[in-house]
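Okay, everyone, thanks for coming. Let me put the sequence and the model up on the screen, and then I'll walk you through a few spots in it.

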Amino acid sequence: MTPDRSEDEQRLVEKAQRALVAISLGEDAEALEEVTPSSDEPQARSEETRELMLLLFGECSAMVSTLGDGGTAPVKVQVFDEAGEEVSIDQADPPVRTAVRTLLAEVHGNTAAAREQVEIALANAAPDEVDSLVLQALRWTIRLSVECLDRDLPVAEWISDAVTG
């Protein structure tokens, strides 16, 4: 266990890591299965999903900042549909728009706004929309980490372990 993580946080990181391995192999269903909350209680399930989303978007934000040289170089955020095709933000499904808003809030250092976006999505979205949001966060985590690793930029160890196998 990483010394600065609680047991719950470490368990969440390990679930996210397994999901990243699955998503990198193109196994969306398996990735979602890996991050399915362990509790049957709706409140606990929602809390675990929220914390997973904030973990992934927080890491994505750090990688965007690294790729953008601390904000001095532009970084393009691309939005993809279920088929993996790039679409404009206006054409994106609501969960994807939420993902973009959450990432942008994190990139701009507004973790409270990011948390609010995730909470709104979890409170109002249908289960398949929540799944779409989770998959978007996993895909961005993979794409950003690969780009960082290709450029010899730092990536959280648990993410690089999942990506490099």
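Let's start at helix 7, where W158, I159, S160 and A162 are buried. Buried here is under 20% relative accessible area, exposed is over 50%, and partly exposed is in between, with a 1.4 Å probe and protein chains only. And when I say helix, I'm using DSSP runs numbered from the N terminus: H or I of at least four residues for helices, E of at least two for strands.

Some housekeeping before I go on. This is a predicted model, so local features need pLDDT of at least 70 and side-chain atom pairs count only at pLDDT 80 or more, while totals for chains, interfaces and linings use all residues. Residues are numbered from 1 along each chain as its sequence is written, and side-chain values use heavy atoms, with hydrogens and water left out.

So what covers the buried residues of helix 7? The cover includes helix 1, helix 3 and helix 6, where contact means heavy atoms within 4.5 Å.

Take helix 1 as one of those partners. Its axis and that of helix 7 come within 8 Å and cross at roughly 30°. That makes helix 1 roughly parallel to helix 7. For the angle classes, under 35 degrees is roughly parallel, over 145 is roughly antiparallel, 65 to 115 is roughly perpendicular, and the rest is oblique. The axes are lines fitted to C-alpha atoms, for helices over the stretch in contact, and the angles run from 0 to 180 degrees between N-to-C directions.

On the helix 1 side you have V13, A16, Q17, L20 and V21, and they meet W158, I159, D161 and A162 of helix 7. Sorted by class, that contact has seven nonpolar residues, one polar and one charged. Nonpolar is Ala, Val, Leu, Ile, Met, Phe, Trp, Tyr, Cys and Pro; charged is Asp, Glu, Lys and Arg; the others, Gly among them, are polar.

Now helix 6 against helix 7. Their packing angle is about 90°, and the axes are 10 Å apart. That makes helix 6 roughly perpendicular to helix 7. Helix 6 brings T141, I142, S145, V146 and L149 to the contact, and helix 7 brings I159, S160, V163 and T164. The class count is five nonpolar, four polar and no charged residues.

On to the loop between helix 6 and helix 7, which is where D152 sits. Is D152 buried or exposed? D152 is exposed, at a relative accessible area of 71%. D152 also has a positive phi of about 55° although it isn't a glycine.

As for L138, its contacts are A16, A19, L20, I23, A31 and L56, leaving out residues up to four places away in sequence.

Last pair: helix 4, residues 94–107, and helix 5, residues 111–124. They pack at about 165°, with axes 7 Å apart. Helix 4 and helix 5 are therefore roughly antiparallel, and their crossing is left-handed. T98, R101, T102, A105 and E106 of helix 4 meet T111, A113, A114, Q117, V118 and A121 of helix 5. Those residues divide into five nonpolar, four polar and two charged.

V118, in helix 5, counts as buried at 0% relative accessibility. With residues up to four places away in sequence not counted, V118 touches R50, M53, L54 and T102. The C-alpha atoms of V118 and T98 are separated by 7.4 Å, and these two are 20 residues apart along the chain.

One more from helix 6: S132 lies there and counts as buried at 18%. S132 touches P95 and V96, again not counting residues up to four places away in sequence.

That's my tour, thanks.

Methods:
A crossing is left-handed if the near helix is turned anticlockwise from the far one by less than a right angle, and right-handed if clockwise.
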